[in-house]
Amino acid sequence: MATESPASNITKSTSTPQTIIQSWNPNSSVATVPVTVHSFPALEPTSLEQWSVNHLYLPLRRDLLYSAVVYEGDNTRQGTASSKTRYDVHGSHRKIRPQKGSGRARLGSRQSPSIKGGGKTFGPHPRNFGTKLNRKVYDKAWRTALSYRYRRGELIVCEDGMELAVPEDFVKVAHHFKDGLREAYLAKYMRGVLAALRLGSTDGRTLFVTGNRRDWLYGAMEQLPSEGRALDLPDVDVKDLLETGKVVMERSVLQEMIEQHQSDLVSRIVVGGLPLKGPQTGEKVL
């Protein structure tokens with residue numbers, strides 16, 4: 001005959017969000033770290049995810065960051081500076097005055113660099129300043145920059161569709177404003193939002209990164225360059241991730257950013273006709 005087990009012998013789980021977060025200790029054998037996803041602009045927690053330590057908890061490598069910043073700077077230079085040599089200056093190449101007899105200094109043609117309007121000696125010419133960097137080194141520098149922000153608590157991940165919540169009354173009449181009233185209101189409103197969230201210049205400025213341009217957010221930040229910047233993903237580089245006090249980005253932007261820069265984690269070995277993928281990006285926990 002079956003007997004009913006006493007309720008006191010049943011083991012119940014006592015896991016809470018706090019104990020789950022405390023159990024994440026990257027210094028141990030745990031291979032993931034917690035990432036809280038927030039709403040915007042309230043920055044209230046909405047969900048909890050786990051990400052690989054190879055994505056957001058790499059040790060600080062100043063040499064990789066330096067190489068990446070120099071590489072980006074070199075490839076950004078236009079290299080269009082140009083000057084004329086004595087052979088590029090228009091005009092006759094005859095000698096200006098006789099070599100001897102005038103009692104003055106010797107002069108050649110009017111294209112001489114020693115004469116005003118003449119050519120320039122060793123002047124700049126169009127060139128390519130671009131340098132090369134191993135792709136795996138550059139990709140690891142990206143994740144190192146993100147890890148640096150994550151370790152310091154300066155990486156804030158928000159839900160997709162990040163946009164400034166402008167009052168509806170202002171939206172209805174904004175197109176009627178003239179003489180910079182629209183921009184002035186946006187600047188004042190955004191300055192108040194940044195001050196309330198402690199994301200302004202007093203806290204080291206903030207970089208907002210979205211998947212594409214958001215009119216209100218970008219328009220407001222363009223009026224407040226001293227408070228921070230707003231960029232879409234294609235315009236962001238390693239230097240942008242390092243130069244501001246905090247970085248606020250959408251979850252999809254973080255995922256795409258890591259997927260584009262994990263070549264050193266993805267193997268080219270094909271098993272069963274399928275290539276081996278890198279660590280999973282963002283697994284929802286709560």
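User: Which residues line the largest pocket?
Analyst: This is a predicted model, in which local features need pLDDT of at least 70 and side-chain atom pairs count only at pLDDT 80 or more, while totals for chains, interfaces and linings use all residues. Residues are numbered from 1 along each chain as its sequence is written, and side-chain values use heavy atoms, with hydrogens and water left out. A pocket is an open set of points, on a 1 Å grid over the protein atoms alone, where a 1.4 Å probe fits and protein lies on both sides within 12 Å along at least five of seven lines, and a lining residue has an atom within 4 Å of a point. By that rule, the lining of the largest pocket consists of N134, R135, K136, S263, D264, V266, S267 and R268.

User: How many residues in the lining of the largest pocket are charged?
Analyst: Asp, Glu, Lys and Arg count as charged, Ala, Val, Leu, Ile, Met, Phe, Trp, Tyr, Cys and Pro as nonpolar, and the others, Gly among them, as polar. Sorted in this way, the lining of the largest pocket has one nonpolar residue and three polar ones, and its charged residues number four.

User: Which residue of β5 stands opposite F208?
Analyst: Strand β4 (residues 206–210) runs parallel to β5 and is joined to it by five bridges. Strand β5 (residues 228–232) is mostly covered, because four of its five residues are buried, where buried means under 20% relative accessible area, exposed means over 50%, and partly exposed lies in between (1.4 Å probe, protein chains only). Within this pairing, the residue of β5 that faces F208 is A230.

User: Which residue of β6 is the bridge partner of L155?
Analyst: L155 is found in strand β3, and with a relative accessible area of 13% it counts as buried. Both faces of β3 are covered, as L155 and V157 on one side and I156 and C158 on the other are all buried. Strand β3 runs parallel to strand β6 (residues 246–250), with four bridges between them, and while I156 stands opposite V248, the partner of L155 is V247.

User: Which residue of β6 stands opposite V209?
Analyst: Four of the five residues of β6 are buried, so this strand is largely enclosed by the rest of the structure. Strand β4 runs parallel to β6 and is joined to it by four bridges. Across that pairing, V209 faces M249.

User: Which residue of β3 stands opposite V37?
Analyst: Strand β1 (residues 32–38) and strand β3 (residues 155–158) run parallel and are joined by two bridges. In this pairing, V37 has opposite it V157.

User: Is F122 buried or exposed?
Analyst: F122 is found in the loop between α3 and α4, and it has a positive phi of about 55° although it is not a glycine. Its relative accessibility is 83%, so F122 counts as exposed.

User: What is the relative accessible area of R205?
Analyst: R205 lies in the loop between α6 and β4, and it has a positive phi of about 65° although it is not a glycine. R205 is partly exposed, because its relative accessible area is 24%.

Terms used: Pairing = 2+ DSSP bridges.
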